[in-house]
Amino acid sequence: MIHFTEDQRMIQQMVRKLAKEKVAPRAAEIDETDEFPWDLAKVFGENGLLNLVLPEEYGGVNADNTTLCIVIEELSKVSPASSLMVFTTQALTNVLIRGGSEEQKKIFCPKFASGDKICAFVLTEPNYGSDAASLQTKAVPDGDDYVMTGNKTFITTGEVADFYLVFARTGPGERAKGISAFIVEKGIPGFTFGKKEKKMGLRGSPTVELIFEDARIPKKNLLGGEGGGWNILTQYGNLMRIWGAASVSLGIAEGALEYAAGYAKERVQFGKPIATFQAIQFMLADMAMLTEAARSLNYRASGMIDKGTEPFSKIEPMVSMAKCFTTDTAMKVTTDAVQILGGYGYTKDYPVERMMRDAKGVQIFDGTNQIQRMIISRSLLGKS
Amino acid sequence: MVEFTEEQKRVRDTVRKIAEEKVAPRAAEIDETDEFPLDYVDVYAKNGLLKATLPKSSGGLDADTMTLCLIVEELARAYASAPQMLITTGAVLQVLSKAATTAQLQRFLKRLEKGTHICSFALTEANYGSDAGNLQTRAVPDGDNYVVNGSKAFITSGEVAELNLVFVRTGGRGTKGISVIVVDKNSHGFHVGNKEHKMGFAGTGTVELIFDDVEVSKDNLIGKENEGWRLLTNIANMMRVWGAGSTAMGNAQGALDDVVEYVREEVQSGKPEVDFQAIQFMLADMAISVETARSLIYRTAYVMDRNGASFKDVETLVCMSKCYAADVGMKVTSDAVQIVGGYGYTKGSSIERRMRDAKSVQIYDGSNQIQRIVAARNLLS
């Protein structure tokens with residue numbers, strides 16, 4: 001019951017069907033094996049989900065933020081690990097479309113036109129997570145190239161991605177001012193992959209270390225000019241959280257709520273379905289209330305970005321609130337879903353324990369909830 | 001996406017000005033004396049706010065749900081008690097405009113011109129609060145009249161209301177024997193009983209209403225006999241979003257405004273409180289709570305005004321808006337007192353008043369437990 005446009009409703013129905021028929025049956029297996037679901041990548045590609053933000057001439061639909069929210073939410077209801085490739089891919093193409101020059105769009109958009117390319121967003125380093133402005137990976141100009149050296153860690157969709165949006169230090173500028181953003185293609189000399197993380201959740205979405213040893217990146221791959229990386233990160237990267245972590249966790253919460261409500265109607269104890277007990281009803285009511293509050297905030301924020309009439313200073317904290325609240329909601333709702341299912345909920349025979357493990361990841365990635373609270377309080381108190 | 005119309009923005013800005021200039025300066029005094037603020041009545045009447053829910057043809061603002069939400073939010077942001085007389089009057093007039101005959105409506109509006117303009121919504125009884133379907137105040141037909149006997153409890157605005165929309169039993173037990181009649185305060189045998197002494201929500205004129213063989217003309221029956229429960233569920237319950245929901249959220253926003261200002265001043269005077277991350281994070285969580293409540297309320301109002309959703313879906317959203325906003329109001333005001341510390345706990349700080357006021361909203365207009373029961377029932381059905 002959010003008012004979507006006709007196009008948005010159509011995409012929602014299409015993705016809902018696809019999620020149910022193709023993604024849901026694979027979710028448990030993907031979690032179990034921790035293998036990247038290439039079959040789903042193919043399905044997403046064939047259905048245009050990997051290049052939604054591209055202009056029509058490159059096979060996209062010029063998707064706005066709300067449309068991306070819808071797609072990620074629907075996929076995340078059944079398999080958040082699978083939805084992450086849709087997120088990280090468009091994290092790069094979104095920056096290209098909104099922050100790249102006309103010439104760069106002409107160079108790179110055709111590379112994505114086939115619709116099967118996967119991308120990754122590369123920011124975090126071993127010693128610079130929340131403190132991203134201090135990152136140390138270097139890119140030094142040399143002729144027509146930049147020479148990149150350094151390590152990146154916890155990179156979602158790493159190794160399987162074809163293109164990487166890498167944030168590196170180019171300038172003498174202090175902290176944020178010396179950061180630039182590059183599109184880096186897989187396979188260039190000096191760019192390799194290190195350790196793959198073994199995670200408690202979001203399994204099947206590879207989280208990988210990236211290693212740059214004198215990798216040469218053409219200057220035409222620099223987005224937003226030298227020193228413009230931080231601007232890209234704040235103007236585009238921070239706002240993508242609305243269809244990234246916020247929508248992923250909204251989907252998780254919904255999936256868990258739906259499962260727990262269905263189970264409560266079936267499970268009989270003391271001679272009647274546990275859904276008839278007020279203690280269970282109130283847990284479900286609170287889970288539903290939090291989920292609906294999260295949905296209301298998410299779509300109000302995405303609508304604000306799409307409409308573009310509110311200043312950035314108002315939108316940024318709103319997106320941080322959506323990320324923080326929705327991920328905390330997903331954690332609470334999935335934990336309570338496990339509780340309602342009891343012993344069964346704690347086993348791998350039921351999906352809610354996976355949802356709970358997945359939910360924890362989203363409180364941490366895409367800017368920890370602690371960082372979001374800092375952004376929010378700064379905006380409240382007017383501190384720089 | 002929530003977008004306001006030009007008219008909605010105009011009303012909001014007008015009410016914000018009234019709230020800042022006329023409502024806020026009187027809040028502490030009303031809280032202290034618990035006197036019904038007749039000066040507010042004058043200001044609201046002058047600006048057409050008491051008739052907001054009526055169609056323009058009846059001299060109203062023809063306000064949709066979103067507009068009502070904005071009016072109540074702005075007033076509650078200044079003082080949670082301030083919108084209560086608007087809510088009770090608006091609720092009654094909305095029921096009348098939807099369910100009364102034109103002749104009835106005209107007659108009642110004319111009556112309201114002579115007096116305070118205020119109406120009360122009289123449902124709750126001493127032994128039937130959440131269990132309203134079993135109410136006992138009885139109306140027995142007698143010629144052209146009903147004879148009403150019984151009493152109502154916790155009736156907001158009852159102290160000064162000219163007209164009371166009273167839910168009475170005309171038939172058998174349960175919800176199918178309930179009717180709605182309008183009782184004039186000047187009726188013989190009608191008494192305003194004890195005024196409740198409450199921890200907060202001062203100046204709302206919350207009283208007991210006593211009916212002692214009150215003769216009420218059958219012309220004052222609204223809708224059909226024994227079909228009063230439907231007016232409650234189809235019209236009145238939906239008002240919780242702009243009634244209790246917006247009251248709680250506006251009050252919470254006001255508390256957040258106050259505490260942010262306090263923390264900023266502490267910093268300017270050299271106290272480093274703002275540099276404590278513990279305080280920053282409390283403020284961030286309070287802001288998140290207020291914005292989620294606001295988002296849920298506006299979305300609900302938007303859905304109601306568009307008439308596109310099923311009754312069940314709308315009912316669920318309304319229950320959630322009320323329950324969530326009220327719980328947020330309690331948490332945010334309590335944390336505001338915590339941040340301000342000892343000074344926040346003293347009388348004269350707007351923050352301690354807001355905390356006492358917030359508690360009320362978790363209880364009135366359908367307790368939060370009732371909202372959860374309805375939400376769960378809809379979820380599981």
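**A loop residue, then domains and helices**

Modeller: Asn47(B) is placed in the loop that joins helix 3 (38-46) to helix 4 (65-78) of chain B, where helices (H or I, at least four residues) and strands (E, at least two) are DSSP runs numbered from the N terminus. This is a predicted model, in which local features need pLDDT of at least 70, side-chain atom pairs count only at pLDDT 80 or more, and totals for chains, interfaces and linings use all residues. Residues are numbered from 1 along each chain as its sequence is written, while chains are lettered from A and ligands numbered from 1 in the order in which they are written.

Biologist: Is Asn47(B) buried, exposed or partly exposed?

Modeller: A residue is buried if 20 or more other C-beta atoms lie within 10 Å of its own, exposed if 12 or fewer, and partly exposed in between, with C-beta atoms placed from the backbone. Asn47(B) has 17 other C-beta atoms within 10 Å, and therefore it is partly exposed.

Biologist: Which residues is Asn47(B) in contact with, leaving aside neighbours within four places in sequence?

Modeller: Two residues are in contact if their C-beta atoms, placed from the backbone, lie within 7 Å. Tyr324(B), 277 residues apart from Asn47(B) in sequence, is 31 Å away in space, C-alpha to C-alpha. With neighbours within four places set aside, the contacts of Asn47(B) are Thr14(B) and Ile18(B).

Biologist: Which helix gives the largest share of the side of domain 1 of chain B that touches domain 2 of chain B?

Modeller: An automatic or database domain assignment supplies the bounds, and chain B is divided into domain 1 (6-113), domain 2 (119-226) and domain 3 (233-380). The centres of domains 1 and 2 of chain B, taken over C-alpha atoms, are separated by 22 Å, and their contact takes 23 residues from domain 1 and 20 residues from domain 2. On the domain 1 side, helix 2 (27-33), helix 5 (84-99) and helix 6 (102-113) of chain B each supply at least two residues. The largest share, ten residues, comes from helix 5 of chain B.

Biologist: How many nonpolar residues are on the side of domain 1 of chain A that touches domain 3 of chain A?

Modeller: In chain A the assignment gives domain 1 (6-112), domain 2 (119-227) and domain 3 (238-381), and the C-alpha centres of domains 1 and 3 lie 21 Å apart. There, 21 residues of domain 1 are in contact with 20 residues of domain 3, and helix 4 of chain A gives the most to the domain 1 side, with eleven residues. Ala, Val, Leu, Ile, Met, Phe, Trp, Tyr, Cys and Pro count as nonpolar, Asp, Glu, Lys and Arg as charged, and the others, Gly among them, as polar. On this basis the domain 1 side has five charged, five polar and, as the number requested, eleven nonpolar residues.

Biologist: In which hand does helix 10 of chain A pass helix 12 of chain A?

Modeller: Axes are lines fitted to C-alpha atoms, for helices over the stretch in contact, with angles from 0 to 180 degrees between N-to-C directions; those of helix 10 (residues 312-345) and helix 12 (residues 369-381) of chain A come within 9 Å and cross at roughly 145°. Residues that meet include Ser313(A) and Cys324(A) in helix 10 and Asn369(A) and Ile376(A) in helix 12. A crossing is left-handed if the near helix is turned anticlockwise from the far one by less than a right angle, and right-handed if clockwise. For helix 10 and helix 12 of chain A, the crossing is left-handed.

Biologist: Which helix provides the largest share of the side of chain B that touches chain A?

Modeller: Between the chains, 32 residues of chain B are in contact with 30 residues of chain A. By class, the chain B side has 23 nonpolar, three polar and six charged residues. The largest share, 14 residues, comes from helix 9 of chain B.

Biologist: Why does Leu202(A) count as buried?

Modeller: Leu202(A) is in the loop between strand 6 (191-196) and strand 7 (207-218) of chain A, and has a positive phi of about 50° although it is not a glycine. Leu202(A) counts as buried because its C-beta neighbours inside 10 Å number 28.
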